[in-house]
Amino acid sequence: MGFDLPPAGNQGHWGPVTATLDWCEENYVVSKYIAEWVNTWTNLNYLILCFLGIYNALHTYNSTGFIFSHLGMAVVGVGSFLFHMTLTYEMQLADELPMIYWYSD
């Protein structure tokens, strides 16, 4: 008993892998729409924690800096989700540039 998974190394829905980095997962094993299954879905933790942080900041009357900090982390999470889903160079930039710009401030 098992799952019938597509063979590893298939080209996904988004075209060939054009990213300069390819992490430790095999590509497009679970779905032709998601290159790195675990890396993609674990990025949702960014969004969950960001929304909880924003909720907490609003209800404890913290400064707006806390809200913007959490929004920046949400942008990082969305970019990372898209990168690990597609493994394209454009989405790699959407993953890395928010980390550099937002957190280097």
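This is a predicted model: local features need pLDDT of at least 70, side-chain atom pairs count only at pLDDT 80 or more; totals for chains, interfaces and linings use all residues.

Colleague: What percentage of the contacts with a separation of 6 or more is between residues 24 or more positions apart?

Modeller: The chain has 105 residues, and 33% of them count as buried. For contacts in the chain with a separation of 6 or more, the share from residues 24 or more positions apart is 51%.

Colleague: Are α2 and α3 roughly parallel or roughly antiparallel?

Modeller: Helix α2 covers residues 44-59 and helix α3 covers residues 64-86. Their axes lie 8 Å apart, at an angle of about 165 degrees. Angles over 145 degrees count as roughly antiparallel. The relation of α2 to α3 is therefore roughly antiparallel.

Colleague: Which residues of α2 make the contact with α3, and how many residues of the contact are charged?

Modeller: The crossing of α2 and α3 is left-handed. On the α2 side the contact is made by L44, Y46, L47, L49, C50, G53, I54, A57 and L58. The α3 side contributes F66, I67, H70, L71, M73, A74, V76, G77, V78 and F81.

Colleague: Are α3 and α4 roughly parallel or roughly antiparallel?

Modeller: The axes of α3 and α4 come within 7 Å and cross at roughly 160 degrees. The crossing is left-handed. With a cut-off of over 145 degrees for the term, α3 and α4 are therefore roughly antiparallel.

Colleague: Which residues of α4 meet α3, and how do the residues of the contact divide by type?

Modeller: The α3 residues are F68, S69, G72, M73, V75, V76, G79, S80, L82, F83, H84 and T86. In α4 they meet M91, Q92, A94, D95, P98, M99, W102 and Y103. By type, the residues of the contact of α3 with α4 are twelve nonpolar, seven polar and one charged.

Colleague: M91 is on that list. Which residues is M91 in contact with, leaving aside neighbours within four places in sequence?

Modeller: M91 lies in helix α4. At 25% relative accessibility M91 counts as partly exposed. The C-alpha atoms of M91 and F81, ten residues apart along the chain, are separated by 8.9 Å. Leaving aside those neighbours, M91 is in contact with G79, L82, F83 and T86.

Colleague: Turning to the loop between α3 and α4, what is the phi of L87?

Modeller: L87 lies in that loop and is buried, with a relative accessible area of 0%. L87 is not a glycine, although its phi is positive. The value is about 55 degrees.

Colleague: Which side chain is joined to that of T88 by a polar contact?

Modeller: T88 also has its place in the loop between α3 and α4. T88 is buried, at a relative accessible area of 10%. Not counting residues up to four places away in sequence, T88 touches W14, T18, A19 and F83. The polar contact, at 3.2 Å, joins its side chain to that of T86.

Colleague: Is Y28 buried or exposed?

Modeller: Y28 lies in the segment before α1. Its phi is near 55 degrees, a positive value in a residue other than glycine. Buried means under 20% relative accessible area. At 2% relative accessibility, Y28 is therefore buried.

Colleague: Where does G12 lie, and which residues is G12 in contact with beyond four places in sequence?

Modeller: G12 lies in the segment before α1, the helix of residues 37-42. G12 is buried, with a relative accessible area of 11%. The C-alpha atoms of G12 and Y33, 21 residues apart along the chain, are separated by 6.0 Å. Leaving aside neighbours within four places in sequence, G12 is in contact with Y28 and K32.

Technical notes:
Residues are numbered from 1 along each chain as its sequence is written. Side-chain values use heavy atoms; hydrogens and water are left out. Axes are lines fitted to C-alpha atoms, for helices over the stretch in contact, and angles run from 0 to 180 degrees between N-to-C directions. Helices (H or I, at least four residues) and strands (E, at least two) are DSSP runs, numbered from the N terminus. Angles under 35 degrees count as roughly parallel, over 145 as roughly antiparallel, 65 to 115 as roughly perpendicular and the rest as oblique. A crossing is left-handed if the near helix is turned anticlockwise from the far one by less than a right angle, and right-handed if clockwise. Contact means heavy atoms within 4.5 Å. Buried means under 20% relative accessible area, exposed over 50%, partly exposed in between (1.4 Å probe, protein chains only). A polar contact is a pair of N or O atoms within 3.5 Å; within protein, one must be able to donate a hydrogen and the other to accept it, and residues adjacent in sequence count only if both atoms are side-chain atoms. Ala, Val, Leu, Ile, Met, Phe, Trp, Tyr, Cys and Pro count as nonpolar, Asp, Glu, Lys and Arg as charged, and the others, Gly among them, as polar.
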